[in-house]
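Subject: Structure handover

Hi,

Here is the structure I promised to pass on. Please open it beside this email and follow along.

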Amino acid sequence: MNTFLVTVGVGLATAAILALSALAFTLEYAVSRIANFAHGEFLTIGAYAAYSTQGIFHENALVIEQFRGRSAITVLIATLGVALIVQNVLDMIYGAANVSYSYPQGSLHHVGPFLWTTSDIEVIVSALVVAGLIYLLLQQTRFGKAIRAVSQDRALAQVSGIPARRIIMGTWVLAGALAGFAGFALAATIGTFGPLLGFNFLLLTITATVAGGLGRPYATLGGALIVGLAIQIAGTYTSSAYELVFAFLLLVLLMLFRPNGVFVRRSSVTVRA
């Protein structure tokens, strides 16, 4: 089979996991206007254990909300602090060494020009289903419409009677669940992982989010597709060891030439869900 087409197939499977993580990251940003650098630890927690809603609620309530109105660098340091705390707690519980996660990959399937395992297909289908459900939630439910209102103007939403703080908490719970599921899918795909699993995946998540446009859930899916394909193709024809380097270079190019996202008009500066 053509190496390029096999690589594209792998890139699509990677993009599916990346889309889940980036979608969660952009939802957090949309309602909080905060780039959560502890986001990767949600994936790690999802990989180690079933996601805990209470834990995600506490991070936003006890850390993020307490720093509202502070400078961006202060919030950045706070979220990095949370990331380090989670990493060290997982270190103490599970040890620093990688653990094996034996999830059955299933047999290989030829799907059109692509070659996917059963597990790859499950991840891709799950990502499509989740994306569809998020779309319906944002467009058809009161909670989703409230998320959009808060993401556009929190103060105006509060004046209109929307409980902004409660909506933000609910959004973070939703985003944490998405990230936890992404972590599970990532661990099932790679087989072995350690406490730095999510942190190492964070650069790809941020790159995909920037490619789609911060705070734009639908465009973020396209950003994940671009990044997933780009790093897999580049890694195949050079070395997979350089995938994070390629992601960083792509992020730099995006910040220089398309800071609002590939799918956003150059003149557009508004961030909305």
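How far does helix H1 reach from its first C-alpha to its last? The span is 42 Å, close to the 44 Å expected at 1.5 Å a residue. H1 runs over residues 3–32 and has 30 residues. Keep in mind that this is a predicted model.

**The whole chain**

The chain has 273 residues, and 46% of them count as buried. Its secondary structure comes to 11 helices and 4 strands.

**Helix H1 and its ends**

Now look at the N-terminal end. Asn-2 caps H1 there. A side-chain oxygen of Asn-2 lies 2.7 Å from the backbone nitrogen of Phe-4. After H1 comes Arg-33, which has a positive phi, near 55°.

**H1 against H5**

Next, find helix H5, residues 118–140. The axes of H1 and H5 come within 9 Å and cross at roughly 35°. The crossing is left-handed. Which residues meet there? H1 brings Leu-12, Ala-13, Ala-16, Ile-17, Leu-20 and Leu-23. H5 brings Asp-120, Val-123, Ile-124, Ala-127, Val-130 and Ile-134. By class, this contact has 11 nonpolar residues, no polar ones and 1 charged residue.

**Thr-26**

Stay in H1 and go to Thr-26. Is Thr-26 buried or exposed? The cut-off for buried is under 20% relative accessible area. Thr-26 has 0%, so it is buried.

What does Thr-26 touch, leaving out residues up to four places away in sequence? The list is Thr-209, Gly-213, Leu-214, Gly-215, Arg-216, Pro-217 and Thr-220. Look at two of these. Pro-217 is 191 residues from Thr-26 along the chain, yet their C-alpha atoms are separated by 6.2 Å. Arg-216 places its backbone nitrogen 3.3 Å from a polar atom of the Thr-26 side chain.

**Helix H2**

Last, helix H2, residues 39–48. How many of its 10 residues are buried? The count is 9, and H2 is mostly covered. The buried ones are His-39, Gly-40, Glu-41, Phe-42, Leu-43, Thr-44, Gly-46, Ala-47 and Tyr-48.

Best wishes

Definitions and conventions:
Residues are numbered from 1 along each chain as its sequence is written. This is a predicted model: local features need pLDDT of at least 70, side-chain atom pairs count only at pLDDT 80 or more; totals for chains, interfaces and linings use all residues. Side-chain values use heavy atoms; hydrogens and water are left out. Helices (H or I, at least four residues) and strands (E, at least two) are DSSP runs, numbered from the N terminus. The expected span of a helix is 1.5 Å times one less than its number of residues. A polar contact is a pair of N or O atoms within 3.5 Å; within protein, one must be able to donate a hydrogen and the other to accept it, and residues adjacent in sequence count only if both atoms are side-chain atoms. Axes are lines fitted to C-alpha atoms, for helices over the stretch in contact, and angles run from 0 to 180 degrees between N-to-C directions. A crossing is left-handed if the near helix is turned anticlockwise from the far one by less than a right angle, and right-handed if clockwise. Contact means heavy atoms within 4.5 Å. Ala, Val, Leu, Ile, Met, Phe, Trp, Tyr, Cys and Pro count as nonpolar, Asp, Glu, Lys and Arg as charged, and the others, Gly among them, as polar. Buried means under 20% relative accessible area, exposed over 50%, partly exposed in between (1.4 Å probe, protein chains only).
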